Amino acid sequence: MSEYLLQMKNISKTFPGVKALDNVELEIKKGEVHALIGENGAGKSTLIKILAGVYTSDPGAKFFFEGKEAEISKPLDATMKGISIIYQDLSLFPNLSVAENIYIGRDSHKKPWTKVNWNQIKKIATKALKELDMDIDPSTPVEQLSIAQQQMVEIARALAFDSKLIVMDEPTSSLSAGEVEKLYNVIDKLKKQGISIIFISHKLKELFTVSDRFTVLRDGKFVGSYDAQDMTEPKLIQLMVGRNVTYEKNQATVEVGETIFKVNQLSKEGNFKDISFELRKGEVLGITGLVGSGRTELAQAIFGVNNPDSGSIELYGKQLSIRHSAAAVKEGVAYIPEARQTQGLVLEQSVINNISLPIITKLKNKFRLTDRKQEVKLAEEYVKTLDIRPALPHLDAGNLSGGNQQKIVIAKWLSTKPKVIIFDEPTNGIDIGAKTEIHKLMRKLANEGIGVIMISSELPEILAVSDRILVMRHGRIAGELNVAEATQENIMHYALQGKDSGKAPSFVAETNQMSQGV
């Protein structure tokens with residue numbers, strides 16, 4: 001009997017103008033946690049969509065499940081075999097209850113007029129939640145749950161389907177350290193039950209924490225599979241990108257100049273209070289803090305998404321009145337949101353349409369119609385400048401990798417010619433190679449005189465890119481540090497204890513909610 005639950009061989013996938021996968025293989029043992037890794041654009045998402053039956057592979061592919069040759073040509077094929085996919089962008093129905101979300105899809109083979117057995121739905125959901133030690137009322141609407149709880153509902157749904165293989169795509173991207181620890185415990189429990197897990201993440205430390213083996217993809221090709229015990233982080237990065245990559249120090253190389261942007265006593269009840277800071281020409285201002293410290297709410301208030309209750313904002317000495325995001329764009333303020341797929345992009349639209357979206361009214365010809373040639377030219381320039389791959393501007397944004405999607409969002413807002421640009425978790429869920437590119441881009445923008453604010457919970461990133469660091473705690477600025485004096489320890493001191501709280505504590509990674517690595 002085969003030791004492998006799943007074997008995928010000779011997997012290739014060609015899209016118009018690009019070969020996303022070229023003769024890739026993947027073998028998953030029974031009851032193991034298997035990390036699937038590679039840079040953005042390496043082919044991980046395409047491979048998983050083929051496994052899920054969303055994409056059909058090119059001719060010549062072979063699938064074996066539980067030792068027998070199998071066919072996976074549509075999502076139902078995968079579901080019936082016990083394969084469940086938990087995507088980074090959760091696929092729950094927010095207006096339906098927890099029980100309905102767990103059960104949905106089980107009756108897909110039944111006739112449309114089959115009567116719904118609500119008692120059975122509740123019973124199945126309760127059993128699945130109990131297996132995960134989740135104390136949640138099955139009748140609760142999903143929209144009332146935290147992201148971590150929604151993640152667990154996705155896992156509960158996989159258990160309710162008696163899944164033998166669960167794919168987790170960036171499962172910790174929106175979780176605090178405590179929630180991540182709970183997820184690790186769930187993974188360990190699933191593994192002991194003999195369930196196999198494919199774990200996709202760009203956080204190398206957590207890959208080494210949970211994984212038994214690694215499969216590495218690069219540029220759509222299979223590099224190899226390796227036992228975790230034989231692997232190190234530098235070696236893994238080398239295999240992923242074909243070169244050694246680390247967080248490079250990327251501080252100001254030009255003299256920091258005049259104050260160009262100023263926030264004065266900005267407050268919004270329940271979010272942040274009395275926030276004041278200045279941003280100077282040529283610098284990158286980093287803002288960090290624990291989950292819930294008010295960082296994103298502050299950025300959204302500056303951009304006009306949520307209006308502050310009091311305070312003022314100045315740009316080059318002029319007081320701004322920003323009551324909505326259109327006014328922010330008009331004044332020269334841009335905001336790159338953390339949730340690129342739901343807030344930054346229209347995934348069903350092309351790269352061209354996404355990049356031109358905020359300035360579409362400026363691309364009109366004399367007949368008041370969009371000048372398509374000008375629109376395409378704009379997109380092609382940014383595709384080249386930001387090295388967006390594949391270099392196919394007509395491709396829908398949803399077909400690109402996370403790192404390349406992030407570049408589209410950046411291009412979209414650069415097209416507005418901003419004077420100040422706020423990056424909110426700019427490298428969340430993307431690989432270290434793409435992170436380095438975005439870090440260099442932020443520095444380039446700052447050197448060109450654009451005001452750059454970077455919000456990040458990754459301390460190595462904050463220390464590598466920022467010239468000055470603001471630490472937020474409970475909606476207030478708890479500390480300000482120059483990069484020369486900043487360390488992970490004193491940043492965490494302010495984030496955990498605030499101002500004037502005595503000697504900084506010893507830094508213990510397990511007790512905080514901020515990321516320490518790539």
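Modeller: Begin with Gly 479, which is found in strand S20. Helices (H or I, at least four residues) and strands (E, at least two) are DSSP runs, numbered from the N terminus. This is a predicted model, in which local features need pLDDT of at least 70 and side-chain atom pairs count only at pLDDT 80 or more, while totals for chains, interfaces and linings use all residues. Residues are numbered from 1 along each chain as its sequence is written, and side-chain values use heavy atoms, with hydrogens and water left out.

Biologist: Is Gly 479 buried or exposed?

Modeller: Buried means under 20% relative accessible area, exposed over 50%, and partly exposed in between (1.4 Å probe, protein chains only). Gly 479 has a relative accessible area of 5%, so it is buried. From Gly 479 to Ile 147 the C-alpha atoms are 28 Å apart in space, and the two residues are 332 apart in sequence.

Biologist: What does helix H17 pack against?

Modeller: A general point about helices comes before the case. An α-helix has 3.6 residues a turn, so residues three or four places apart point the same way. In helix H17 (residues 488–497), the buried residues are Asn 490, Ile 491, Met 492, His 493 and Ala 495. The buried residues of H17 pack against strand S13 (284–289), helix H16 (459–465), strand S19 (468–473) and strand S20 (476–482).

Biologist: Which residues does Ile 121 touch?

Modeller: Contact means heavy atoms within 4.5 Å. Not counting residues up to four places away in sequence, Ile 121 touches Ala 99, Glu 100, Tyr 103 and Val 116. Ile 121 is found in helix H4 (residues 118–131) and is buried, at a relative accessible area of 6%. Between Ile 121 and Glu 100 the C-alpha distance is 7.0 Å, with 21 residues separating them in sequence.

Biologist: Where are Ser 84 and Ser 97?

Modeller: Ser 84 is in strand S6 (residues 83–86), and Ser 97 is in the loop between S6 and helix H3 (98–103). Ser 84 counts as buried at 13% relative accessibility, and Ser 97 counts as buried at 11%. Leaving aside neighbours within four places in sequence, Ser 84 is in contact with Ala 158, Ser 163, Leu 165, Ile 166 and Val 167. With such neighbours again left aside, the contacts of Ser 97 are Pro 138, Ser 139, Thr 140, Pro 141 and Val 142.

Biologist: In which sense do strands S9 and S10 pair?

Modeller: Two strands pair if DSSP finds at least two bridges between them. Strand S9 (residues 213–218) and strand S10 (residues 221–227) pair in the antiparallel sense, over six bridges. Thr 215 stands opposite Ser 225 in S10. The hairpin of S9 and S10 has two residues between the strands, and Asp 219 takes a positive phi near 55 degrees there.

Biologist: How many aromatic pairs does a search of the whole structure find?

Modeller: Rings of Phe, Tyr and Trp (its six-membered ring) pair if their centres lie within 6.5 Å; planes under 30 degrees apart count as stacked, over 60 as edge-to-face and the rest as tilted. The search finds four aromatic pairs. One of them joins Phe 208 and Phe 214, and is tilted, at 5.2 Å centre to centre and 55 degrees between the planes. Phe 208 is partly exposed, with a relative accessible area of 25%, whereas Phe 214 is buried, at 0%. Phe 303 and Trp 413 form an edge-to-face pair, 5.6 Å centre to centre with 85 degrees between the planes.

Biologist: Why does the pair of Phe 303 and Trp 413 tie together parts that are apart in sequence?

Modeller: Phe 303 lies in the loop between helix H9 (295–302) and strand S14 (310–315), and Trp 413 lies in helix H14 (residues 402–414), so the pair ties together parts that are 110 residues apart in sequence. Phe 303 is buried at a relative accessible area of 5%, and Trp 413 counts as buried at 11%. Ring pairs link Phe 303, Tyr 335 and Trp 413 into a cluster.

Biologist: What is the overall make-up of the chain?

Modeller: The secondary structure comes to 17 helices and 20 strands. Buried residues make up 54% of the 518 residues in the chain. Among contacts between residues at least 6 apart in sequence, 66% join residues at least 24 apart.
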